[in-house]
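Take a look at the chain shown below.

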Amino acid sequence: MCKFFVYIISLLICIHMYNCTAYDFVIVGAGTSGATVARKLLDYFPNNTVLLLERGLDNLDPVFVDETCTPEPHVPVTQSCTYPTIVSPRRFAFSPAATFYFSANQPQINSTILFVVGNVTGGGSSTNGMVALRPLREEFTKMSSIPTLEEFGYHSMLAYLKKIETNQNNNFAVPGDRTGNNGPVPVTNDQVGTIYNEPALLSSVIANGVNPTDINYLQIGGFSKVQHTITRNGRRASSAINYLDSATRSNPRFTLINGANVRRVLFSIGLVNLATGVEYQKNGAVINVTANKEVILCAGTFETPRILKASGVGPSAELNALNIPVVKDLPAVGTNFHDKPLTIAKFKYNGYNPKMNETLIFSNATFQQWKVNGTGPLTGATVIFAIHGGPANIDAEFHEQAIVPNNEFPFPDWVQIICWNGSPKSRGSITLNPADIYGIGIIDSGILKDPTDADNLVTCNYKTREILYDAGLITQDLAPPTSVWNDEAQFRNYINNTVGPTYHNCGTARMGTNTSVGVVDKNYKVFGTTRLRVMDYSIVPTVFRVNPMLILYALAEKLAHVVREDSQGVVPSGVISLNFVCTPPLTVLNDYSIWRVNNTYFKPYFYHWVSSTGAKGSYAVEGNSYSLFYTPVNNSQTVTLYINGVVVATRTASSTICPY
């Protein structure tokens, strides 16, 4: 009755004050995260409607047929038609799939920084390099060590990483395999293959102190092959295709509106600061829609904090200065902005590299080969090998594909290494533009603000260059020239003059313990508001060192799961961590095991469980080590865990409690 009353009040407010159209869920941003959330909510709530608002064009729009670019938004190599750092100026000027954000001048490098964001249905997954890498275990450990974020550990998130994918290059019959075989996201090895002599490269990697690994299978750092989100018939597998398939798009409960620039969230301001809908602009008209259930911001690291602040959620001093009524004072909104600083080094390859022959790759013949057969150079990916973490503690991608202006190195016999600092210390911010609070904000990238961030870039560049020379794969330094490599001071100047971002920016609406350090809680809810959540890379407290696409899919799947749990009325008061070791391992531990906490029986489901009495939790297994997070009835309850009638662990809640 109470929920129904709140719903009626919010609907009346929106109708009378804002002339709204009503949907159950309103999602802002149809990128990697937003498209995923929209589809999962349609699946989980079969009687509810979903509105997905996207500022950019649909990736099926005819405008993507561009004479300066391969005329298909689903061609893998069309990354080369999106990013200004890797394309000719002509392509840069006519790129309909991207929005360009320029930072304010950065005094530490005496330059501005350009950020490129996918401005199209599917977001980055429609425009990026399709790199499909899972974060390292240690990174999940770091995130889950933040108080209240225990459920974002390796084991819990592995379940979602498996759920999203169909890995096309692994044996799914292996018991306990870490890969997925029934998810919407196809993950595959590069279909064209590498130009490198793999045995020579691997030998040089080992000789230079970098351990080989399989990042996606083991999630342990080192030198690894890279997989990509490409379908078996050679198509780019973006969220606009994986999640917003034809069945979803034709669902009468689903509405996608492109060209919608969301200005702000609408609130019923009061004790609970109820989010009632959003206001957006399309073709010059300002339109309002109401959300009967929730508003979910998936607008990205730049736009989510801008929307929050324009709505009255953010640092009160900034809002007051702009005469924006304060809904909730949240100092962390727009802070903690960071991206991984990146440098590019180019070398003459010891041989012919057809992947750098743009005349060949972008010919009509290769396009027809791709269109008819799904094969050929256009199905290739930019990067085949990478180093992330491990003892070397560097992050590098070995690039083979044609991704630079034609006039720079017209001969097709060169390669490049991209190094980035996967653990930057520098931080920046995003503030509202006083001239237009609904436009692009003022960006302080913070890049290389901490001078030690450049040290890792120096180490990475010299190490990867040594690996390639020792393997006999390169014969000459192209950019920078050898004279710069031979003088570290000059090389550091080269870094300062050429540094750029990876476009993996995050942190501006970070998940945290409380309002002093965070914007959203463990359930993605914006502190101090009701029915408002955030799901995009802005919630990540510290950037992951690998490419973000897979973790975004996984986090979005988790959000949808959390929304479904919340709809069942589960309101936890605390969590107990039960950690135990069994020798021998509990081989019967599976969905058919009988679990019991005290007198409550429950069934594990996808590494989470919900009991008949409404208690909830999650569990994780690795070898013979087990962890279970349990929400107790009260903070003094003693908890005993039984599996198949056997007492496995006992904890007193008051000694291990972590308040939500």
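## A cut-off to start with

A residue counts as buried when its relative accessible area is under 20%. Leu-448 has a relative accessibility of 8%, so Leu-448 counts as buried. Keep that cut-off in mind for the residues that follow. The model is a predicted one.

## The whole chain

The protein chain has 660 residues, and 60% of them count as buried. Its secondary structure comes to 18 helices and 32 strands. The accessible surface is about 24400 Å². Carbon and sulfur atoms account for 55% of that surface.

How many of the contacts join residues at least 24 apart, among those between residues at least 6 apart in sequence? The share is 69%.

In soluble globular proteins, nonpolar side chains tend to be buried together. Here the largest nonpolar core holds 82 residues. Leu-41 and Met-535 touch the most other members of this core. Helix 17, residues 549–567, supplies the largest share of the core, with 12 residues. A second core of 44 residues is separate, and Tyr-196, Phe-385, Val-415 and Ile-430 are among its members.

Leaving out residues up to four places away in sequence, Met-535 touches Ser-33, Val-37, Leu-297, Cys-298, Tyr-524, Leu-552, Leu-555, Ala-556 and Leu-559.

## Helix 5 meets helix 17

Two packed helices are described by the angle between their axes and the distance between the axes. Helix 5 covers residues 154–164. It packs with helix 17 at an angle of about 105°, and the two axes are 9 Å apart. Angles of 65 to 115 degrees count as roughly perpendicular, so helix 5 is roughly perpendicular to helix 17.

Which residues of helix 5 make the contact? They are Met-157, Tyr-160, Leu-161, Lys-163 and Ile-164. On the helix 17 side, the contact uses Leu-550, Ile-551, Tyr-553, Ala-554, Leu-555, Glu-557, Lys-558 and His-561. By type, the residues of this contact divide into 9 nonpolar, 1 polar and 3 charged.

## Partners from elsewhere in the chain

Start with Tyr-44, which lies in helix 2, residues 32–44. Is Tyr-44 buried or exposed? Its relative accessibility is 16%, so Tyr-44 counts as buried. Tyr-44 and Val-563 are 519 residues apart in sequence, yet their C-alpha atoms are 9.1 Å apart in space. Leaving aside neighbours within four places in sequence, Tyr-44 is in contact with Lys-163, Glu-557, Ala-560, His-561 and Arg-564.

Ile-257 sits in strand 10, residues 254–258. Ile-257 is buried, because its relative accessible area is 16%. Not counting residues up to four places away in sequence, Ile-257 touches Leu-51, Leu-52, Leu-53, Glu-54, Tyr-280 and Lys-282.

## Residues in loops

Val-333 is in the loop between strand 15 (328–329) and strand 16 (341–349). Val-333 has 0% relative accessibility, so it counts as buried. Pro-305 is 28 residues away along the chain, and the C-alpha atoms of Val-333 and Pro-305 are separated by 5.8 Å. Val-333 is in contact with Pro-305, Leu-308, Lys-309, Val-313, Gly-314, Pro-315, Thr-508 and Val-519, leaving aside neighbours within four places in sequence.

Pro-480 lies in the loop between strand 22 (474–479) and helix 15 (482–485). A cis peptide bond joins Ala-479 to Pro-480, with omega at about 0°.

## Positive phi

Where does Leu-448 lie? Leu-448 is in the loop between strand 21 (442–444) and helix 14 (453–470). Its phi is near 60°, a positive value in a residue other than glycine.

Gln-219 has a phi near 55°, also positive in a residue other than glycine. Gln-219 lies in the loop between helix 7 (215–218) and strand 8 (222–225). At 1% relative accessibility, Gln-219 counts as buried.

Key. Residues are numbered from 1 along each chain as its sequence is written. This is a predicted model: local features need pLDDT of at least 70, side-chain atom pairs count only at pLDDT 80 or more; totals for chains, interfaces and linings use all residues. Side-chain values use heavy atoms; hydrogens and water are left out. Helices (H or I, at least four residues) and strands (E, at least two) are DSSP runs, numbered from the N terminus. Buried means under 20% relative accessible area, exposed over 50%, partly exposed in between (1.4 Å probe, protein chains only). Contact means heavy atoms within 4.5 Å. Accessible areas come from the Shrake-Rupley method with a 1.4 Å probe; for residues, only the protein chains shown count as cover. A nonpolar core is a set of buried Ala, Val, Leu, Ile, Met, Phe, Trp, Tyr and Cys residues joined through side-chain atoms within 4.5 Å. Axes are lines fitted to C-alpha atoms, for helices over the stretch in contact, and angles run from 0 to 180 degrees between N-to-C directions. Angles under 35 degrees count as roughly parallel, over 145 as roughly antiparallel, 65 to 115 as roughly perpendicular and the rest as oblique. Ala, Val, Leu, Ile, Met, Phe, Trp, Tyr, Cys and Pro count as nonpolar, Asp, Glu, Lys and Arg as charged, and the others, Gly among them, as polar.
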